[in-house]
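Hi,

Here is the structure I promised to pass on.

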Amino acid sequence: MSGLALGAFVDRVLEENAPALDGAADAVVATLQADGLVRTAGAGHSLAAVMESFYRAGGLAQVRPLWHPSLLPLANAAESTRAERQPGLGASVAASAGIESRDALVIFSNSGINHYPVEVAQAARELGATVIAVTSVRASSASEPRAGHRLLDLADVVLDTLVPPGDVSAPVAQPVTVPLSSLATNALWSALLERIVALEQDVALWRSANVSGNDSANAALIERLGPRIPELGSA
């Protein structure tokens, strides 16, 4: 797939998700106005999207990641696959997170069939929080749900990555490489941020730590949000 084709793919993802992105932005802004938290979750390579959402220059400050060390492929790749399929882990992580009804959960899972993302979504729904799924409707629908449900069936808003089953796209005749889920997910998250800031111009955002003068602004956010987002540490 050429660079031009990749660009066309991103354009299609954003165009087809425009109404859902508007709905997701409305939900997140409602959470921010209620002084809730945006919780982001994922497992395996979807943790890259969680990292992108947390403590990121230009990103939302009121984000708390939901994760577990066993889900990180860098620690133990084989174990990370077993962990996201393990019944009970998602429910345990969600239970310890202190999710509130005013919160919004953004759950990244391209297949959306494993226990971890499904259990996090179920827990959030039971607590009255809004669930936003970033998943592939096509890939998820083609796979048997291991957890009894698919993530997309539990979500209030679905952002569709449009990724085919197997998450590969090239060569076109017999795809074996060029995974698209990370590209689509990052594009959707960026488009969501743009909409949020358009709706809520005073939203708290992180600034780049590598630009002079920004450390004090970030330190003030850490001091304010640290008690509710312990992953921020101390300034």
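Predicted model: local features only at pLDDT ≥ 70, side-chain atom pairs only at ≥ 80, totals over all residues.

Residues are numbered from 1 along each chain as its sequence is written, and side-chain values use heavy atoms, with hydrogens and water left out.

Back to that pair. The axes of α5 (residues 89-96) and α6 (residues 115-126) come within 7 Å and cross at roughly 40°. Axes here are lines fitted to C-alpha atoms over the stretch in contact, with angles from 0 to 180 degrees between N-to-C directions. The two helices are therefore oblique to each other (under 35 degrees is roughly parallel, over 145 roughly antiparallel, 65 to 115 roughly perpendicular, and the rest oblique). Helices are DSSP runs of H or I with at least four residues, strands are E runs of at least two, and both are numbered from the N terminus.

α2 (residues 18-33) and α9 have axes that come within 9 Å and cross at roughly 55°. That makes α2 oblique to α9, and this crossing is right-handed too.

Now the pockets. A pocket is an open set of points on a 1 Å grid over the protein atoms alone, where a 1.4 Å probe fits, with protein on both sides within 12 Å along at least five of seven lines; lining residues have an atom within 4 Å of a point. Of its 32 lining residues, A43, H45, S46, N110 and S111 are closest to the centre. α3 (47-53), α4 (77-84), α7 (137-141) and α9 (181-199) each supply at least two residues of this lining.

The second largest pocket comes to about 260 Å³. It is lined by 13 residues, with L47, V50, M51, W67 and L72 nearest its centre. Which helix gives the most to this lining? That is α3, with four residues.

Lastly, UniProt lists residues 28-227 as "domain: SIS", in an unreviewed entry. Residues 28-227 are 40% helix and 12% strand, and the end C-alpha atoms lie 21 Å apart.

Cheers

How values were computed: Points joined across faces, edges and corners; volume = space filled by probe spheres on them. UniProt positions renumbered as here; feature names shortened; annotations may be inferred. Left-handed = near helix turned anticlockwise from the far one by under 90°.
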